[in-house]
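User: I would like to go through a structure with you. Could you take my questions one at a time?

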Amino acid sequence: MSQSRINVLVTGANGGLGLGICLRLIDDFLSRNDEAESLNIIYTTRSVRKGSETLRTLQAHLRKHHPIQQHSRVTFQPENVELTSLVSVRDLAHKLVSSTDLARIDAVICNAGIGGWTGLDWYKAVTHVLADLMNNTVWPAYKLGTIGSVTKLQLPQERLSEPVPPLGELFCANLFGHYMLVHWLMPLLRTGNSANASKIIWVSSIEPQADHFQESDVQGLQTDAPYEHSKRLTDILSLTYNQPATQQFVKDFTSSKSSLAATSSLPQRADLGAPAMHVYHPGIVVTSVISLYWIIHQAYLLSIYLARWIGSPWSTVEPYAAAHGATWLVLTSEDEIQEAEVNANARSVEDGQPVVAQGRVKWGTAITRGGKTTVRPTEVDKWGVNGSGHDYATTWWGGANGRGRKPGAIEAKSTDVEEFIAQGVTAWDNMEVLRKAWEKRLDQAA
């Protein structure tokens, strides 16, 4: 019996959340018991050595947790990419779209990234956590970020007629490298109609707030919170992807007629429609994205567990648990996801009637004290749950002071949502300008 193959691309899979996503994807896929389907996990790391280490981990997990007759239903495809190098990103995209063995990519999980923190403000860290451990481990205000960090020179200056501009390191690693990769992969992402559209899944964070992002500093070069800046921009782009006001830019971004396609002899594939876009956060997961001394790391780990035990639904801790939201978005049909968005919004009421959904939801992995995970809608500053701009007092987190909400959070008003969408229009415009400019430079330097 022939099998229908699901191809999922996961970036940053050498460890942490990316590896957790791959491991959980194996388990959640095989738990469906659909013998007519197979899964191919295309995962990226920065080197062949790291890719081999990940491969051994995935194969060992498959052998340990699943019967041998299921093993043939899951395959692994290691790839290498450095997301702070647009040349490396383009090389990966060219390799994948040129492959005659790859008819389509069903989902891209844009996970890889860096934190860029130099350390902690220890006085704030201690006093804040002692004052409110649950919330100040979820929304910390004591991490110290780098200002103005840029990537290595993207292209040899001698090949260009104009100076090569700097590119923000965290901006490129967390967002722009993926943005370019996804655009170049459009020939593989446009092969389905609305019923079976491919998915772009952005990995965000629960932390970013409206004041983390400045429109005038799109690359986050002037902020001391470049990580939060890049994640807030990720939220803005993802949640306004399907808004009418952004479509002139989204249409260009999702076009399969990129400079890569124009200069390459590519296999013929159907061009049926743009992919869907989603955003999710893993909660507070302990990974190496922030470097701490061993004893400090253990204390930090304990504090996250304590936060969970006293009621924080976002303290997922382990990457495997935190991956639930990502694997749910991959394996759930688009119709079911949209129904879940409506149901999430139905918990919001106005005059006793459900508020009509207006936009997308930022999904998050939530967890109980006992470690059971669920996928929950997440309130976004100035957007609310899905851009309805109404009171969310009846949502699952239990009102203005309920668990799961940032202390002091205010329901998004309709004017806030309008400003959020306007910010989305500007953000999409800026990203497309950057994309086209860098594509031009890359073509000139080739």
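This is a predicted model: local features need pLDDT of at least 70, side-chain atom pairs count only at pLDDT 80 or more; totals for chains, interfaces and linings use all residues.

User: How many helices and strands does the protein chain have?
Analyst: The protein chain has 15 helices and 12 strands. These are DSSP runs numbered from the N terminus, with helices being H or I of at least four residues and strands being E of at least two.

User: What percentage of the residues is buried?
Analyst: Of the 446 residues in the protein chain, 57% are buried. Buried means under 20% relative accessible area, exposed means over 50%, and partly exposed lies in between (1.4 Å probe, protein chains only).

User: Moving to helix packing, how do α6 and α8 pack?
Analyst: Helix α6 (residues 169-184) and helix α8 (residues 226-239) pack at an angle of about 35°, and their axes are 9 Å apart. Axes are lines fitted to C-alpha atoms, for helices over the stretch in contact, and angles run from 0 to 180 degrees between N-to-C directions.

User: Which residues in α6 and α8 meet?
Analyst: Leu170, Phe171, Asn174 and Leu175 in α6 meet Pro226, Tyr227, Ser230, Leu233, Thr234 and Leu237 in α8. Contact means heavy atoms within 4.5 Å.

User: Now Ile109: where is it, and is it buried or exposed?
Analyst: Ile109 lies in strand β4 (residues 107-110). Ile109 is buried, because its relative accessible area is 0%.

User: Which residues does Ile109 touch?
Analyst: Leaving aside residues up to four places away in sequence, Ile109 touches Val8, Leu9, Val10, Thr11, Ile21, Ile201, Val203, Ala326 and Val330. The C-alpha atoms of Ile109 and Val279 are separated by 9.5 Å, although these residues are 170 residues apart along the chain.

User: What about backbone angles, starting with Asn33?
Analyst: Most residues other than glycine have a negative phi. Asn33 is not a glycine, yet has a positive phi of about 55°. Asn33 sits in the loop between α1 (16-30) and β2 (37-45), and counts as exposed because its relative accessibility is 56%.

User: And Lys382?
Analyst: Lys382 has a positive phi of about 75° and is not a glycine either. Lys382 is in the loop between β12 (373-378) and α15 (414-445), and is partly exposed at 35% relative accessibility.

Conventions: Residues are numbered from 1 along each chain as its sequence is written. Side-chain values use heavy atoms; hydrogens and water are left out.
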